[in-house]
Amino acid sequence: MPPATHPPTPALTRHQSLVLGALAREDAPASAYALLSHLQGEGLRAPQQVYRALDKLIEYGLVHRVETMNAFVACAHPHAHAQGLVVFAICDQCGHVDEFSDSAIERRLQGWSKSAGFQMKESTVELHGDCARCQAAGSGEAPAVAAMPAAPAAKPARRARKAPGAGPA
Ligand SMILES: [Zn+2]
Ligand SMILES: [Zn+2]
């Protein structure tokens with residue numbers, strides 16, 4: 001399905017392209033100051049320049065803010081958010097973030113909001129824990145498939161890593 005949740009992205013300014021490019025190269029969420037330090041050679045000098053670019057990129061749906069880390073990630077699937085609810089599973093060991101949407105959770109929150117007379121404008125769920133890879137590194141075992149708390153309707157943004165067969169590697 002081709003959900004058109006965001007209007008077509010306007011042409012990015014030079015600063016916006018630089019910030020998005022720097023963010024896309026990061027493995028983990030990056031703070032505005034980390035981005036600034038990567039981009040100083042490109043002519044960005046003030047944090048405000050980075051924040052301004054980030055604000056627009058967030059507005060265009062290309063970047064998300066990870067509130068609990070005060071950091072930013074490039075969207076794993078730009079323009080593919082069928083629903084507003086985005087879930088981040090954040091590894092506290094390596095900082096890796098998996099992003100997915102979950103319409104079941106969103107419906108639940110919308111139901112509550114309606115019954116409480118609350119006007120929900122934005123919803124983000126952030127899970128903290130250990131990613132499958134870090135668990136495997138810690139225990140020496142293959143990652144458990146059950147590590148992904150995916151509801152039936154959830155579509156992982158990135159391939160769900162399955163344990164290849166069974167048995168100790
Ligand atoms: Zn996204
Ligand atoms: Zn990890």
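Colleague: At roughly what angle do the axes of α1 and helix α2 cross, and within what distance do they come?

Modeller: Two packed helices are described by the angle between their axes and the distance between those axes. This is a predicted model, in which local features need pLDDT of at least 70 and side-chain atom pairs count only at pLDDT 80 or more, whereas totals for chains, interfaces and linings use all residues. Residues are numbered from 1 along each chain as its sequence is written, while chains are lettered from A and ligands numbered from 1 in the order in which they are written. Helices (H or I, at least four residues) and strands (E, at least two) are DSSP runs, numbered from the N terminus, and axes are lines fitted to C-alpha atoms, for helices over the stretch in contact, with angles from 0 to 180 degrees between N-to-C directions. Here the axes of α1 and helix α2 (residues 32–39) come within 10 Å and cross at roughly 105 degrees, so α1 and α2 are roughly perpendicular to each other (65 to 115 degrees; under 35 counts as roughly parallel, over 145 as roughly antiparallel, and the rest as oblique).

Colleague: Which residues of α1 and α2 make the contact?

Modeller: Two residues are in contact if their C-beta atoms, placed from the backbone, lie within 7 Å. On α1 these are L18, V19, A22 and L23, and they meet L35, H38 and L39 of α2. Six of these residues are nonpolar, one is polar and none is charged (Ala, Val, Leu, Ile, Met, Phe, Trp, Tyr, Cys and Pro count as nonpolar, Asp, Glu, Lys and Arg as charged, and the others, Gly among them, as polar).

Colleague: At roughly what angle do helix α1 and helix α3 cross?

Modeller: Helix α1 (residues 14–24) and helix α3 (residues 47–59) cross at roughly 85 degrees, with their axes coming within 9 Å, and are therefore roughly perpendicular too. H15, Q16, V19 and L20 of α1 face Q49, V50, A53, L54, K56 and L57 of α3 in this contact, a set made up of six nonpolar, three polar and one charged residue.

Colleague: How many residues of strand β3 are buried, and which strand does β3 join by six bridges?

Modeller: In strand β3 (residues 86–91) five of the six residues are buried, so the strand is largely enclosed by the rest of the structure. Two strands pair if DSSP finds at least two bridges between them. β3 runs parallel to strand β5 (residues 124–129), joined by six bridges, with V86 opposite T124. With strand β4 (residues 97–101), β3 pairs in the antiparallel sense over five bridges, and F88 stands opposite E99. Five residues lie between β3 and β4 in their hairpin, where G95 takes a positive phi near 85 degrees.

Colleague: Where in the chain is confidence lowest?

Modeller: pLDDT is the predictor's confidence in each residue, from 0 to 100, and where it is low, the predicted coordinates should not be read in detail. Confidence is lowest in strand β6 (residues 155–156), at a mean of 44, and highest in α1, at 96. Over residues 147–169 pLDDT stays under 50, whereas the mean for the chain is 81, with 74% of its residues at 70 or more.

Key: Buried ≥ 20, exposed ≤ 12 C-beta atoms within 10 Å, placed from the backbone.
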